[in-house]
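Subject: Structure for you to look at

Hello,

Here is the structure I promised to hand over. Please open it first, then read my notes below.

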Amino acid sequence: MSSPMRKTLISVVIPVYNEEDNIEASYEAVLREFNAYDDIDVEIIFTDNHSVDKSFSILSDIAKRDRRVKVLRFTRNFGFNKSILAGYRHASGDAAIQIDCDLEDPPSLFHEFIRLWRDGHDVVVGIRAQRKESRAKALVRRSFYALLNNLSDVKHEVNSGDFRLIDRTVLDQLKIIQDPHPFVRGLVSELSINPASVSFSRNSRQFGESKFPLRQLIRLALEGVYAHSTAPLKLATYAGLIIALLMALLTGCYIIARLLAPGEWPAGFATTTILILFGISLNALFLGIIGEYIARIYQQVRMRPYVVIEKALNIEASGGVYNEKI
């Protein structure tokens, strides 16, 4: 995995958005885990999604006293997935570990991640055996993974998040992927050759509020489906064929009934109206699905920057501070 002439370098990527109460704790927790190693150096990359609290000020103070801490601040909030991807693309380590700033995922699992990585696994995923959340969120998560695995050609670990270790070989591939709507955990699953997983119980958030309310989780689920499956497009085709056949069958039944009993067959204004509205609604739904894919094609061919970096501390931003392109 690394040269025997130097220490192994592990990059820890921590996305930040309004986490002023959690930054110091996460920084200290990461260092405590790596103090146990004599043969490993660590760099900590904080990606600040343009926080509006004191997060960047705190990060700046930490970066001044510890050169191992790197900070990338974006000009606006580019979203969770792009924040993680920016951290991975700037990672210099032989491997990178992503962990959320709220420490709901335990840093104590780093040791098991590194052990499995040294055994030859290119990706080590943390699987959430237990987590403290509402029934609504739990239902959405289970439904999301069931839908994603049924529609996608890539297998996704159930109850996994972005808490994982990624080998340098996968990090290098992430640098060349051009996707304006990256679903990072899906990309990593697709690029992995020899993955492993570790089960753990997730902690409760100590400070602040979750940045993933139910609405955001549903949006994230749709991003995962659109990014790794063309099944919704095929669904539109199949649904159109099925409805066309049903309409042809109903039309035939209607004609026969009118011929056999013309005086007893009702005019059916309400039925006709319902069928018309149903057809219009279905067309609007599938045109929306097609529009989602067309929008992604449009955004990709424009080759706009996937993030714009406002400030970089203790690190040289790839492609220039103000224009890092995919």
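**Aromatic pairs**

The count of aromatic pairs comes to six. One of them is Phe34 with Tyr37: the ring centres lie 6.3 Å apart and the planes meet at 40°, so this pair is tilted. Both partners sit inside. Phe34 is buried, at a relative accessible area of 5%. Tyr37 is buried too, at 17%.

Another pair is Phe74 with Phe78. Here the centres are 6.0 Å apart and the planes stand at 85°, so the pair is edge-to-face. The cut-off for that label is over 60 degrees. Phe74 is buried, with a relative accessible area of 0%. Phe78 has 11% relative accessibility and counts as buried.

Which residues form one aromatic cluster? They are Phe34, Tyr37, Phe110, Phe113, Phe163 and Phe200.

Before you go further, keep in mind that this is a predicted model.

**Strand β3**

Now find strand β3, residues 69-74. Is it enclosed or open? Six of its six residues are buried, so the strand is largely enclosed by the rest of the structure.

Here is some background. In a regular strand the side chains alternate between the two faces of the sheet. Now look at β3 itself. Val69, Val71 and Arg73 point one way. Lys70, Leu72 and Phe74 point the other way. All of these residues are buried. Note that Arg73 and Lys70 are on that list.

What does β3 pair with? Strand β2 (residues 40-48) is one partner: five bridges join it to β3, and the two run parallel. In this pairing, Phe46 stands opposite Val71. Strand β8 (residues 309-313) is another partner, joined to β3 by four bridges, and these two run antiparallel. There, Phe74 stands opposite Ile309. This is the Phe74 whose ring pairs with that of Phe78.

β3 also belongs to a β-α-β unit. The unit consists of β2, helix α2 (residues 55-65) and β3, and it is right-handed.

Most residues other than glycine have a negative phi. Two residues here deserve a look.

- His50 is not a glycine, yet its phi is positive, at about 60°. His50 is in the loop between β2 and α2, within the β-α-β unit. At 26% relative accessibility, His50 counts as partly exposed.
- Asn314 is also a residue other than glycine with a positive phi, near 65°. You will find Asn314 in the segment after β8.

**A contact across the chain**

Is Leu109 buried or exposed? It is buried, at 11% relative accessibility.

**A patch on the surface**

Last, turn to the outside. Which residues form a nonpolar patch on the surface? They are Ile242, Leu246 and Leu249. Together they have about 290 Å² of accessible area. Leu246 lies in helix α9, which spans residues 231-260. With a relative accessible area of 44%, Leu246 is partly exposed. Exposed would need over 50%.

Best wishes

Conventions: Residues are numbered from 1 along each chain as its sequence is written. This is a predicted model: local features need pLDDT of at least 70, side-chain atom pairs count only at pLDDT 80 or more; totals for chains, interfaces and linings use all residues. Side-chain values use heavy atoms; hydrogens and water are left out. Patches are made of residues with over 30% relative accessible area and no salt bridge: like charges are joined within 9 Å, nonpolar side chains (Val, Leu, Ile, Met, Phe, Trp, Tyr) within 5 Å. Accessible areas come from the Shrake-Rupley method with a 1.4 Å probe; for residues, only the protein chains shown count as cover. A salt bridge is a side-chain nitrogen of Lys or Arg within 4 Å of a carboxyl oxygen of Asp or Glu. Buried means under 20% relative accessible area, exposed over 50%, partly exposed in between (1.4 Å probe, protein chains only). Two strands pair if DSSP finds at least two bridges between them. A crossover is right-handed if, with the strands pointing away from the viewer, the path from the first strand over the helix to the second runs clockwise. Rings of Phe, Tyr and Trp (its six-membered ring) pair if their centres lie within 6.5 Å; planes under 30 degrees apart count as stacked, over 60 as edge-to-face and the rest as tilted.
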